[in-house]
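Open the model in your viewer and keep the selection tool ready.

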Amino acid sequence: MRQGVETAGLQCVRVDQLVAPGDITEDIRKLITESQIVIADLSGMNPNVMYELGFAHGCSKKTILVSPDSPKDLPFDIRSQRVLTYLRNETGLEDLERKITEALKAIV
């Protein structure tokens with residue numbers, strides 16, 4: 001995903017790549033609050049990602065949702081949103097990067 005973001009001329013920051021000590025949840029909230037756009041990978045329906053997505057929506061952030069799963073398999077509250085789907089292989093991930101670049105360019 002990073003390549004798709006950078007191709008759109010934006011900076012990609014992931015909290016799991018920060019090395020400074022501190023509270024991870026606070027870092028996540030701060031990054032979301034300061035971000036123009038949030039990309040959420042819904043694969044596996046990780047509860048932490050769902051919390052972060054809800055926080056981003058609460059902050060009125062634009063979001064890009066990605067998932068290898070069909071949107072019909074997503075929870076009701078998310079199903080109505082556009083989701084960039086992808087296949088879990090090299091070609092699928094390259095296609096996802098292209099889709100992310102196009103989505104970001106449409107937003108900014």
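**Stop 1: Ile64 and the cores**

Select Ile64. Leaving out residues up to four places away in sequence, Ile64 touches Ile37, Val38, Ile39, Ala40, Leu84, Ala103, Leu104 and Ile107. Keep in mind that this is a predicted model.

Now widen the selection to the largest nonpolar core. Its 11 residues are Val5, Ala8, Cys12, Ile37, Ile64, Val66, Tyr86, Leu96, Ile100, Ala103 and Leu104. Colour them by element of secondary structure. β2 and α5 (90-107) are the elements that give two or more residues to this core. Which element supplies the largest share of this core? The answer is α5, with four residues. In soluble globular proteins, nonpolar side chains tend to be buried together.

Next, pick Leu42, Leu65, Leu74 and Ile78. These are among the eight residues of a second, separate core.

**Stop 2: the cysteines**

Is Cys12 buried or exposed? Cys12 counts as buried, at 17% relative accessibility. Then select Cys59, which is partly exposed with a relative accessible area of 29%.

Draw a distance between the two sulfurs. A disulfide needs the sulfurs within 2.5 Å. The count of disulfides is zero.

**Stop 3: Lys61**

Move to the loop between α3 (47-58) and β2 (62-67), where Lys61 sits. Lys61 is buried, yet has no salt bridge. What is the nearest side chain of opposite charge? It is Glu34, 9.1 Å away. A salt bridge would need the charged atoms within 4 Å.

Look instead at the backbone oxygen of Thr33. A polar atom of the Lys61 side chain lies 2.8 Å from that oxygen. Show the other neighbours too. Beyond four places in sequence, Lys61 is in contact with Ile32, Thr33, Ser35, Gln36, Val38 and Ala56.

**Stop 4: Gln11**

Jump to the loop between α1 (2-7) and α2 (24-34) and select Gln11. Gln11 counts as exposed, at 70% relative accessibility. Gln11 and Ile32 are 21 residues apart along the chain, and their C-alpha atoms are separated by 13 Å.

**Stop 5: salt bridges**

How many salt bridges does the structure hold? There are seven. Visit three of them.

- Arg14 and Asp16: their side chains meet at 2.5 Å, N to O. Arg14 is partly exposed at 41% relative accessibility, while Asp16 is exposed at 52%.
- Arg29 and Glu26: this bridge has an N to O distance of 2.4 Å. The two are three residues apart in helix α2, so about one helical turn separates them. Both ends are partly exposed: Arg29 has a relative accessible area of 25%, and Glu26 has 43%.
- Arg98 and Glu102: the closest N and O atoms are 2.9 Å apart. Both residues lie in helix α5, four residues apart, about one turn of the helix. Arg98 is partly exposed at 41%, as is Glu102 at 46%.

Salt bridges with shared partners join Asp95, Arg98, Lys99 and Glu102 into one network.

Conventions
Residues are numbered from 1 along each chain as its sequence is written. This is a predicted model: local features need pLDDT of at least 70, side-chain atom pairs count only at pLDDT 80 or more; totals for chains, interfaces and linings use all residues. Side-chain values use heavy atoms; hydrogens and water are left out. Buried means under 20% relative accessible area, exposed over 50%, partly exposed in between (1.4 Å probe, protein chains only). Lys and Arg count as positive and Asp and Glu as negative; His and the chain ends are not counted. A polar contact is a pair of N or O atoms within 3.5 Å; within protein, one must be able to donate a hydrogen and the other to accept it, and residues adjacent in sequence count only if both atoms are side-chain atoms. Contact means heavy atoms within 4.5 Å. A nonpolar core is a set of buried Ala, Val, Leu, Ile, Met, Phe, Trp, Tyr and Cys residues joined through side-chain atoms within 4.5 Å.
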